[in-house]
Amino acid sequence: MNVLKVSRWTIAAFILPCLIVYVGLVFVPILVSLYSGLLDWNGIGKSTFIGIDNYVKIFTNDSVFWPALRRTFTLAGFSMLVQVPIALLVAILITRFVRRPNFLVSSYFLPVILSVAIIGQLWKTIYNPASMGGMINQILTSVGLESWTHSWLTEPKIAIYAIILVSLWQYLGYHILIQFTGIQNIPGEIYEAAKIDGADGFKADRYITLPMVLPILKISIVLSFIGSLQSFDLIMVMTGGGPAHATEVLASHMYNMSFITMEYGYGSSIANVLIVVCLIATVLINLLFTRLEKRYT
Amino acid sequence: MTKRKMKWFGMTMTGLLALSLSACGGGGTTATNNASGDAGGTKTEPTKTEASEPAAKDITITFQNIYPDASDPKNQMMKKIVDQYQSENPNVTIELDSLNTDQQKLKLKTQAASKEVPDITVVNPAAQMQPFVDADLFAPLNDMVEENGLKDTFQSGILDYYTFDNNLYALPDGNNIGVVYYNKKLMAEGGVEVPKTFEEMIEAIKTLKSKGIQPMVIGEKDSWTGSFLFMNILLRTNGGPGFLQDVLDGKKTFEDPAYVEAISAFQQLVDAGAFQDGATSFDYNAGENLFKTGTAAMYYMGSWATGGIETAEVSKDGNVGVFQFPTVGGKGNPDEFMLAPGSAFAISKDSENLDETKKFLNYFMQNFPKEAFEAKGAVGIAQNVEGDFKAAGYSDMAMNVLDLFKKVKGGDLAFDNTINPATTQVHLSGTQSLFVEKKDPAAVAKELQAAYEENK
């Protein structure tokens with residue numbers, strides 16, 4: 001096997017710089033956060049070791065945590081089950097019907113490169129009440145649907161969905177780009193062969209594109225899931241978790257606890273829960289896709 | 001890297017200077033008054049220097065502040081004083097770290113966690129600075145404030161909010177009160193008078209609303225804004241100041257009738273349609289802008305907003321007036337105000353140049369009132385100002401606010417300045433929820449009491 005005869009030490013030496021940076025920036029902070037999750041600490045002064053009390057409080061006595069977790073999963077669900085499929089559909093349509101797709105794909109990608117702060121401010125204005133020049137409400141009013149108007153970002157029941165919509169809109173182009181690239185990598189000969197066998201159009205998509213794009217789809221799903229769990233900036237810009245915690249997700253709850261309420265230890269333990277949720281979900285998604293891939297190959 | 005080069009350059013120059021001095025043969029013997037001396041800097045020209053002592057050390061003082069906006073008079077004022085100080089003390093470099101309020105709060109917390117507090121930083125009074133004091137991060141300023149009579153420039157009693165165990169830890173830049181600004185033109189259009197009682201206020205709001213005029217505005221995304229107004233109502237329903245202190249002392253709970261009544265009163269405001277649609281998505285600046293652009297009749301805020309409103313479009317032709325928050329249910333005294341001792345400058349205990357930093361801050365605060373007065377920013381500062389405001393061209397509204405200051409007969413501090421952060425957050429989100437949901441006042445109060453007991 002040792003075609004190149006590179007010693008293990010050489011390999012190690014080449015990996016080392018990256019490894020050190022990675023460990024330093026990822027693992028060390030996680031370990032530190034694991035430890036501070038066990039403390040009663042305001043982030044500044046003296047800390048007391050309180051064992052798992054923080055976790056007990058999270059799961060039994062935190063009226064914000066569970067709704068925040070539920071909202072986080074709602075966001076992830078929408079992202080994985082709505083955004084990614086739409087992105088896949090668009091990617092397929094673009095590949096099939098558009099001769100010079102680059103312009104379209106770049107346009108879809110545009111919101112991704114905009115700063116979230118800008119996106120948030122933009123949509124805040126769109127969502128504003130009609131009296132403040134909110135676009136949606138003005139349109140609704142002008143077509144006679146006044147009863148449909150809402151104060152989108154401040155009604156507790158609607159606000160989170162209003163935010164989810166923005167987040168789906170912003171990252172749609174990202175997933176389109178990923179999947180579009182994935183589809184382009186499928187060799188054309190396969191489609192040609194399938195055509196001869198009578199599989200064309202959506203049939204070809206069903207039996208060729210889908211199975212062959214699965215690994216890419218997996219990346220998309222994992223990215224969208226982790227992205228949803230980490231969603232924070234958009235919520236901070238648009239509502240700050242309010243009104244009265246109605247749009248709080250795990251990440252914003254963690255931030256508020258650590259830095260606003262000054263319970264740094266408690267915030268760390270929420271962060272740790274978030275890490276664990278992330279890990280479990282990633283493993284589950286991986287398992288699911290390994291199965292799917294086996295079935296189709 | 002340039003910093004290091006500068007250092008080398010400085011040292012070389014210092015060396016040359018020393019050589020040239022010894023060549024001159026100790027010509028000058030007049031000692032400079034400057035304790036630190038002023039030789040050594042690259043700015044000093046060798047021929048003019050008469051210092052006989054060895055070159056003074058170049059030092060850098062980091063000055064964290066919350067005046068980042070270059071168009072703000074406070075920013076210009078700060079730069080002016082800093083430049084003056086640097087030209088008088090060439091060996092001292094003041095490095096400004098200007099951040100907006102929220103960023104500064106966050107940065108300081110991070111710095112405090114790693115014990116890297118800048119030489120001078122900004123903290124908020126009372127309960128908000130308590131954790132920092134407990135962590136022993138700040139140097140006591142007891143001696144420093146006595147020097148050059150600095151202490152006497154401050155209004156009496158204001159320094160108490162920054163004093164813990166008889167140690168003064170910070171010097172405030174402001175001292176404000178909660179007032180209601182009103183748009184005279186809109187009030188006249190709506191045909192309403194300045195309300196004398198809360199009940200009149202509710203009626204005025206309904207009248208304005210029915211005539212299509214936005215009665216009040218607020219930036220409730222930053223939930224302290226609603227809390228500040230709420231606390232003023234509580235100050236009335238409680239029949240006087242000290243409610244939160246009574247809670248802290250265990251004499252009252254948040255389920256006390258005064259607190260519940262204040263919640264109901266606040267709900268009346270919301271129900272009457274006082275605030276703009278979607279108030280909870282407007283941040284402080286956005287809310288205030290609605291008033292500044294003349295879209296709303298009334299605006300409750302701390303008097304620190306005076307400067308901004310004064311220079312805004314809405315204030316043309318003396319269009320904006322101020323009034324005291326009225327009595328609620330016949331209770332309370334309008335001469336009692338929400339008191340807002342401002343953010344304050346503290347000095348890091350571990351500062352490498354503690355003495356120099358103290359000396360600079362002393363100088364800074366000495367010059368603060370004079371410069372603020374000139375920059376038309378002297379309404380609501382924590383120090384006594386000499387000078388005729390009227391003659392200096394301050395507006396009628398500013399004069400009104402200054403008159404209100406003279407009426408102050410005590411009052412309360414904001415919630416977050418009195419109660420610990422964890423309970424404060426429950427209070428803030430509870431108040432915020434009143435804007436969007438119909439809630440039972442007793443239930444809101446109960447929830448807060450539970451949170452308070454847990455975080456005591």
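Let me start with one residue: just after helix H10 of chain B, Gly273(B) takes a positive phi of about 80°. Helices here are DSSP runs of H or I with at least four residues, strands are DSSP runs of E with at least two, and both are numbered from the N terminus.

Before going on, the ground rules. This is a predicted model, in which local features need pLDDT of at least 70 and side-chain atom pairs count only at pLDDT 80 or more, while totals for chains, interfaces and linings use all residues. Residues are numbered from 1 along each chain as its sequence is written, and chains are lettered from A and ligands numbered from 1 in the order in which they are written.

Now the scores. The model has an ipTM of 0.76 and a pTM of 0.79. For chain B the average pLDDT, the predictor's confidence in each residue from 0 to 100, is 84, and 88% of the residues score at least 70. Over residues 13-52 of chain B, pLDDT stays under 50. For that stretch the model has 49 contacts beyond four places in sequence; two residues are in contact if their C-beta atoms, placed from the backbone, lie within 7 Å.

Back to H10(B). The helix covers residues 257-271. How far apart are its end C-alpha atoms? They are 21 Å apart, which agrees with the 21 Å that its 15 residues should span at 1.5 Å a residue; the expected span is 1.5 Å times one less than the number of residues.

The buried residues of H10(B) are Tyr259(B), Glu261(B), Ala262(B), Ile263(B), Ala265(B), Phe266(B) and Leu269(B). Buried means that 20 or more other C-beta atoms lie within 10 Å of a residue's own, exposed means 12 or fewer, and partly exposed is in between, with C-beta atoms placed from the backbone. An α-helix has 3.6 residues a turn, so residues three or four places apart point the same way. What do the buried residues of H10(B) pack against? The partners are helix H7 (198-210), helix H8 (224-237), H15 and helix H16 (441-455) of chain B.

Next, a strand. Strand E7 (residues 175-183) of chain B has nine of its nine residues buried. Both of its faces are covered, with Ile177(B) and Val179(B) among the residues on one side and Gly178(B) and Val180(B) among those on the other.

Pairing here requires that DSSP finds at least two bridges between two strands. E7(B) pairs in the antiparallel sense with strand E9 (residues 296-302) of chain B over five bridges, and Val180(B) stands opposite Tyr300(B) in E9(B). With strand E10 (residues 320-323) of chain B the sense is again antiparallel, over four bridges, and there Val180(B) stands opposite Phe323(B). With strand E11 (residues 337-341) of chain B there are three bridges, also antiparallel, and Asn175(B) stands opposite Pro341(B).

Zooming out to chain B as a whole: it has 16 helices and 13 strands, and 46% of its 456 residues count as buried. An automatic or database assignment sets the domain bounds, giving domain 1 (33-172 + 343-374) and domain 2 (176-340 + 395-455). Their centres, taken over C-alpha atoms, are 34 Å apart. The contact between them takes five residues from domain 1 and six residues from domain 2 of chain B.

Two loop residues of chain B deserve a mention. Lys115(B), in the loop between H3 and strand E3 (120-123), has a positive phi near 55° and is exposed, with 12 other C-beta atoms within 10 Å. Asp136(B), in the loop between H4 and helix H5 (142-146), has a positive phi near 60° and is exposed as well.

Chain A, briefly. It has 12 helices and two strands, and 36% of its 297 residues are buried. Its C-alpha atoms fill a box of roughly 75 × 70 × 30 Å along the principal axes.

Finally, where the chains meet. The contact takes 23 residues from chain B and 25 residues from chain A. Helix H3 (101-113), helix H4 (130-134) and helix H15 (421-436) of chain B each give two or more residues to chain B's side. Which of them gives the most? H15(B) does, with eight residues. Chain B's side divides into 10 nonpolar, eight polar and five charged residues. Ala, Val, Leu, Ile, Met, Phe, Trp, Tyr, Cys and Pro count as nonpolar, Asp, Glu, Lys and Arg as charged, and the others, Gly among them, as polar.
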